[in-house]
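This report describes the strand and helix arrangement of one protein model. Please consult the sequence and the three-dimensional view alongside the text.

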Amino acid sequence: MIEFGHGTHTGLRRTRNEDTYYADAGLGLFLVVDGMGGHRHGEVASATARDGVVAQVAAGQSLVDAIQRVNEALIARSSGLSESRPMGTTIAAVRVTGRQYEAAWVGDSRIYRWDGELQRLSHDHSIVEALVEAGELTEQQARIHPQRSVLTQALGITSPDQLHIGLARGELTAGARLLLCTDGLTDEVDDRRIGEIVARTDIAAQECVDHLLLEALGGQGRDNITAILLRVAG
């Protein structure tokens with residue numbers, strides 16, 4: 001049995017929430033999406049991505065195929081707009097079937113697994129992540145780098161032949177957790193603190209999510225914040 005909590009907050013500096021999410025234990029589908037900051041159509045992009053992936057998966061498509069089709073649909077929709085900047089969004093999605101899970105992502109929204117310790121399953125599609133992987137930046141330097149929000153992949157912006165969808169699969173053991181979140185959380189709260197909150201067993205999954213949102217708001221709350229926490233019964 002999976003218990004889950006979910007929530008989103010506009011943050012302290014934004015007037016609109018361009019994040020959105022979906023959580024459905026019946027379908028086994030959980031996702032967070034973050035419309036591109038500064039783009040006029042960020043809210044539309046994130047909602048379109050959410051609804052498109054849900055519809056495709058419900059119709060029997062795989063998670064990867066659903067994300068690919070949504071990318072094509074967003075690009076097509078942007079081509080009819082007069083604005084020069086297209087609609088763009090990140091996505092982090094998990095599909096759970098029995099004890100097996102499949103995680104897929106594009107951009108810098110993240111997926112973590114906790115099974116005694118916190119492990120990041122996803123890898124940010126961003127300039128600073130590439131620099132970290134190349135050994136040119138430390139994780140701490142990346143957190144404060146002025147280009148930390150510049151993405152190398154995004155739905156609605158990356159051409160279909162260049163789109164790289166991150167993918168991870170695994171089994172959910174008793175007591176394991178999966179956390180999906182946008183960068184509004186990870187920019188404000190480090191992995192150590194996220195792990196401490198996710199590890200708690202004295203409160204419900206929803207309360208853990210509430211604590212994560214409050215922790216981000218206790219920082220600078222610079223961006224929209226969204227999180228979903230899945231917790232497998234022990």
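The model is predicted.

**The sheet from β2 to β8**

An open sheet of 5 strands has the order β2-β3-β4-β5-β8, with antiparallel pairing. Its edge strands are β2, residues 19-24, and β8, residues 166-171, each of which pairs on one side only. From one strand to the next, the twist averages 10°. Two helices pack on this sheet. Helix α1, residues 42-58, touches β2, β3 and β4, and its direction makes about 160° with that of β3. Helix α2, residues 63-78, touches β3, β4, β5 and β8, and its direction makes about 155° with that of β4.

Strand β3 covers residues 29-35 and is joined to β4, residues 89-97, by 7 bridges in the antiparallel sense. Within this pair, L29 stands opposite R95, and V32 has A92 as its bridge partner. On the side of β2, 6 bridges join β2 to β3, again antiparallel, and Y22 has L31 in β3 as its bridge partner. The hairpin of β2 and β3 has 4 residues between the strands, and G28 takes a positive phi near 70° there.

How much of β3 is buried? Of its 7 residues, 7 are buried, so the strand is largely enclosed by the rest of the structure. In a regular strand, side chains alternate between the two faces of the sheet. For β3 both faces are covered, with L29, L31, V33 and G35 buried on one side and F30, V32 and D34 buried on the other.

β8 pairs with β5 in the antiparallel sense over 6 bridges. A104 lies in β5, and its bridge partner in β8 is L167. The relative accessibility of A104 is 0%, so this residue counts as buried, the cut-off being under 20%. Apart from residues up to four places away in sequence, A104 touches L63, I67, I91, A92, A93, I111, I165, G166 and L167. V128 is 24 residues from A104 along the chain, and the C-alpha atoms of the two are separated by 20 Å.

**The sheet from β1 to β7**

A further open sheet has 5 strands in the order β1-β10-β9-β6-β7, with antiparallel pairing. β1, residues 2-9, and β7 stand at the edges with a single partner strand each, so one side of each is left without a neighbour in the sheet. Neighbouring strands are turned by 15° against each other on average, direction ignored. β1 and β10 pair in the antiparallel sense over 8 bridges, and H6 has I228 in β10 as its bridge partner. α6 packs on this sheet through β6, β7, β9 and β10, at about 55° to the direction of β6. α7 also packs on the sheet, touching β1, β9 and β10, at about 25° to the direction of β1.

| Strand pair | Sense | Bridges |
|---|---|---|
| β2 and β3 | antiparallel | 6 bridges |
| β3 and β4 | antiparallel | 7 bridges |
| β5 and β8 | antiparallel | 6 bridges |
| β1 and β10 | antiparallel | 8 bridges |

**Helix α6 and its neighbours**

In α6, residues 191-198, the buried residues include I194, G195, I197 and V198. Viewed down the axis of α6, its buried residues fall within an arc of 165°, so they line one face of the helix. These buried residues pack against strands β6, β7, β9 and β10 as well as helices α5 and α7.

How are α6 and α7 oriented to each other? They pack at an angle of about 155°, with their axes 9 Å apart. Because angles over 145 degrees count as roughly antiparallel, α6 is roughly antiparallel to α7. Their crossing is right-handed. At this contact, R193, I194, I197 and V198 in α6 meet C208, H211, L212 and E215 in α7.

Note on methods
Residues numbered from 1 in each chain as written. Predicted model: local features only at pLDDT ≥ 70, side-chain atom pairs only at ≥ 80, totals over all residues. Heavy atoms only, no water. Pairing = 2+ DSSP bridges. Axes fitted to C-alpha atoms, helices over the stretch in contact; angles between N-to-C directions. Contact = heavy atoms within 4.5 Å. Buried < 20%, exposed > 50% of the residue type's maximum accessible area, 1.4 Å probe, protein only. Arc of directions from axis to C-beta. Parallel < 35°, antiparallel > 145°, perpendicular 65-115°, else oblique. Left-handed = near helix turned anticlockwise from the far one by under 90°.
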